[in-house]
Amino acid sequence: MKRKASLWGSVSVLISVIVGISALVRNALFVPMILLAFATWGVWVVLVLCVPRWHAGRIKRQQAKAAKSVQEELKAADVPDLNVAQTLLRHVNYRITAYLQSSYPNARWEWTAHIKDRYMKCYEYLHSFYTQKRPEGMDYKEWEKKRLTEAKVLAYLRSTLKRQNKKPARDVVKLVKQGYQFVFKAYSVKASRQMSPEQKEPIPINQVVLDNTPEQFPAFARFLRRRRREYEIQSQPFQSMEEDSYIAEWLQEFTLWDSENEEVIQLNDLQRHDINLILQKRYGLLQWEQGSGKTLAAIATGMYRMEQQHLHSTWVISSAISIRNNWDVVLKNYGLPFVFVERLVDLERIRPGDFVIMTLNKMAEYRKHIKRWLKLHGQKIQFVLDESDEISNPSTVRAKAALDCFRRCRSKLLTTGTSTRNNISEFAPQLELLYNNSINMLCWCDTTYTYDREDGCIVPHSSNPYYGKPIPAYKPGYTLFSSCHLPEKTTVFGIGERTQDIYNADILDDILAKTVITRTFEEITGKEIRRIQQVPVTFAPEERAVYQQVMKEFEKVWRNYFASTGNARKDAGLKLMQQITLLLRVSAAPNTLTEYEGGTPVKIRKAVKMAAQWNDQIVAIGVRHKNVLDAYVAAFQEYLPDRPLFVVTGSTTSFAKRRALRRTLRESGNGILLCTQQSLPSSVNFEYINKIIIPELHFNNSGMSQFYMRFIRYTSTEFKDIYFLTYAGSLESNLMQMVVAKEKINLFMKGKNADLDEIYERFGIDYNLMALLMRREMDEEGHFQIRWGEQMIA
């Protein structure tokens, strides 16, 4: 390895010399100097690399020849096997010593009688290290993980040498702690034979804590009493808890100075109450609606943990836009010490009392180094996952990295506006991150459920093997959580056929009661200024024609918008989803399809007309796709050329430009903000905008609320009008019904049982939405097709 490094170093020097000659020499000396440089390098390679290698090979051949002659002489002299073994042992000792001292000159070691039988294995392991080669066909990254290193060899030799002083066997059996269970350990073969069958069974610590019998385990009584106290505190429902007087006094005195706005920041009474309850437990989820002050609550929690409970630091992990546009700005304004981890070297700058902010992507990239840092500091940090619904999909890299790095932290706080987006199963990864599959997340559901697709019904199963046990980690746990509470997912076409009932609701409610504190924007601020209104419009004849073509003649237009995967089976499976995507695109902006032959679509004209009516107000319009955004930009430039137009997308507008846009847009007086909804998901606030138009629906209200709550903030005083523009009699009706059904589940997760009528009223739906639904049916040939619901088409 050293020889290879020398060779590559010499090549680098040679290249530098050649570049220097090429730059400085332009006359007849150029060619001779180049040849001289190569000749000098060649002589150096021969003398420094080739000659020592040839010499070493010659010595090895001489040693092999001598060893062979010695073996022949010993064999001819009929020497006993013992002498041969001793000679071989001395030879191996010499080779291992030479290997060790080549890297560590002061290394000393010796064999003992207990481990002489392992000296050949050590020699083979060491020899494998020096002779290893990457197998053909193996990826280099995989080889880097599997190959032997000096650290691995030294660890192997060290572990072997440690075995030379074995402890004497004792005929005793003791209770010891191994991981998450107690086991009886025998310290001799005789004692192991005398163990009873009951003693051979491990005892889960969770069960011992639940039984509350520490006197049966006197050696661990103190440990069990502490675990029991923590379990009782964590199991208390937030509603039955009272404020702690010491924490209340600290929160009353808690203030921050905002240097940008030159004002003192304090918590209101309801915020102080909720944070007081959170600080009494080690784990909690703060589900405050957007604009209610979650950032300030997380800062207060981190400062209390570091000052009063002596945790090392507070780590804040969130999306890139939240970290850069919110946390980085806020911590600077408040004058709090923090470290923004953008490179590995930033981990070395962390000091006690610091806030450590990091994006989810960087967390996934540096997960190994983060785990090492946390282990060195004993996991003594306050972990804050802002916008925790970002890990609602457990199969993503960021969700796996968050669980891998922070599941064992001393204190954890999750903050989000809504813990679920589409279904209850999305809450499972957040629950696992909080409780680490411990006694705090036991499964008390004796009945589980599965959805039978053939019969179209829910099938109960009375035997749950995990009853009374912690929910297992990762995918088995997510599957169990789903089968206990919601075995089916909401779909676009199944929304009118299946009810989204929540099973074992009382047990799920118990988990939420001790884990989540939910507050709406109205509860935190004491005012409800949102007014959601539905604006249904009807298709024009040209729009209906292209919609009917996509629905009934999808084969003709299919390949104009979707490329083939090269696999006929995959194409067939994706076909229905692609048809749904294209139908929603027609519903958003029909003029983005080449088959459309009309003028400006009705929905776009309606949005322009509404914006024109508010000539003296700033208007925000949020869509979901870039091509739809382009269609709206062209229409507004044509019909309202005098209005200032501001276009924002995630790919073309940087974080800094989005922050700077706040002042520019406000100064315009009547500007129009045209943007994609995902470009303003969090931490970029325009609290002065009162008119919001959403002409393209998301698949859930959580995604849309992340957008329109950017305009509804804690300091807002005026009413905010939110308009949903939809085509009646299109797939958007199904989408709206699916949003409503998912919102019913989300409200349950927020501690509210609401029926569909209440949600209809909340969303401003005053027409028969069910009559406008479309459905998926199977034709005579067994192919799926999309058909209209009960609505009559004129």
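# Briefing on a predicted single-chain model

Threonine 295 lies in helix H12. The model is predicted, and its chain holds 29 helices and 22 strands. Of its 794 residues, 47% count as buried.

**Threonine 295**

- Is threonine 295 buried or exposed? Threonine 295 counts as buried because its relative accessibility is 18%, and the cut-off for buried is under 20%.
- Not counting residues up to four places away in sequence, threonine 295 touches Asn326, Trp327 and Val330.
- Helix H12, where threonine 295 is found, spans residues 294-308 and is part of what covers the buried residues of helix H11.

**The chain as a whole**

- Among contacts in the chain with a separation of 6 or more, 71% are between residues 24 or more positions apart.
- The chain exposes about 41,900 Å². Carbon and sulfur atoms supply 53% of that area.

**Helix H11, an enclosed helix**

- Helix H11 covers residues 269-279. Of its 11 residues, 8 are buried, so the helix is largely enclosed by the rest of the structure.
- Which residues of H11 are buried? They are Gln271, Arg272, Asp274, Ile275, Asn276, Leu277, Ile278 and Leu279.
- The cover over these buried residues includes three helices, H10 (245-253), H12 (294-308) and H20 (521-525). It also includes the strands E6, E11 (411-415) and E14 (516-519).
- An α-helix has 3.6 residues a turn, so residues three or four places apart point the same way.

**Salt bridges**

- How many salt bridges does a search of the whole structure find? The search finds 21.
- Arginine 282 and glutamate 230 meet through their side chains in a salt bridge, at 3.3 Å from N to O. Arginine 282 lies in the loop between helix H11 and strand E6 (283-288), and glutamate 230 lies in helix H9 (residues 221-234), so the pair ties together parts that are 52 residues apart in sequence.
- Both partners count as partly exposed: arginine 282 has a relative accessible area of 26%, and glutamate 230 has a relative accessibility of 28%.
- Aspartate 404 and arginine 367 also meet in a salt bridge, at 3.1 Å from N to O. Aspartate 404 is in helix H16 (residues 397-406) and arginine 367 is in helix H15, so this pair ties together parts that are 37 residues apart in sequence.
- Aspartate 404 is partly exposed, with a relative accessible area of 22%, and arginine 367 is partly exposed at 27%.
- Salt bridges that share partners join Arg226, Glu230 and Arg282 into one network.
- Glutamate 144 forms a salt bridge with arginine 147, and the closest N and O atoms are 3.5 Å apart. Glutamate 144 is partly exposed, with a relative accessible area of 33%.

**A positive surface patch**

- Which residues form the positive surface patch? Lys141, Lys145, Lys368 and Arg372 form it.
- Helix H5 (140-146) and helix H15 (367-376) each supply at least two residues of this patch.
- Lysine 368 is found in helix H15. It counts as exposed because its relative accessibility is 58%, and the cut-off for exposed is over 50%.

**Loop residues**

- Most residues other than glycine have a negative phi.
- Glutamate 387 has a positive phi, near 55°, although it is not glycine. This residue is in the loop between strand E10 (381-386) and helix H16. Glutamate 387 counts as buried, at 7% relative accessibility.
- Asparagine 436 has a positive phi near 55° and is likewise a residue other than glycine. Its place is in the loop between helix H17 (428-435) and strand E12 (448-452). Asparagine 436 counts as buried, at 16% relative accessibility.
- Where is aspartate 171 placed? Aspartate 171 is in the loop between helix H6 (150-162) and strand E1 (173-178).
- Leaving aside neighbours within four places in sequence, aspartate 171 is in contact with Ser188, Lys190 and Ala191.
- Aspartate 171 and glutamine 194 are 23 residues apart in sequence, and their C-alpha atoms are 9.4 Å apart in space.

Definitions and conventions: Residues numbered from 1 in each chain as written. Predicted model: local features only at pLDDT ≥ 70, side-chain atom pairs only at ≥ 80, totals over all residues. Heavy atoms only, no water. Helix = DSSP H or I, 4+ residues; strand = E, 2+ residues; numbered from the N terminus. Buried < 20%, exposed > 50% of the residue type's maximum accessible area, 1.4 Å probe, protein only. Contact = heavy atoms within 4.5 Å. Areas by Shrake-Rupley, 256 points an atom, 1.4 Å probe, with all protein chains shown as cover. Patch = residues over 30% accessible without salt bridge, like charges linked within 9 Å, V, L, I, M, F, W, Y side chains within 5 Å. Salt bridge = Lys/Arg side-chain N within 4 Å of Asp/Glu carboxyl O. Lys, Arg positive; Asp, Glu negative; His and termini not counted. Charge placed at Lys NZ, Arg CZ, Asp CG, Glu CD.
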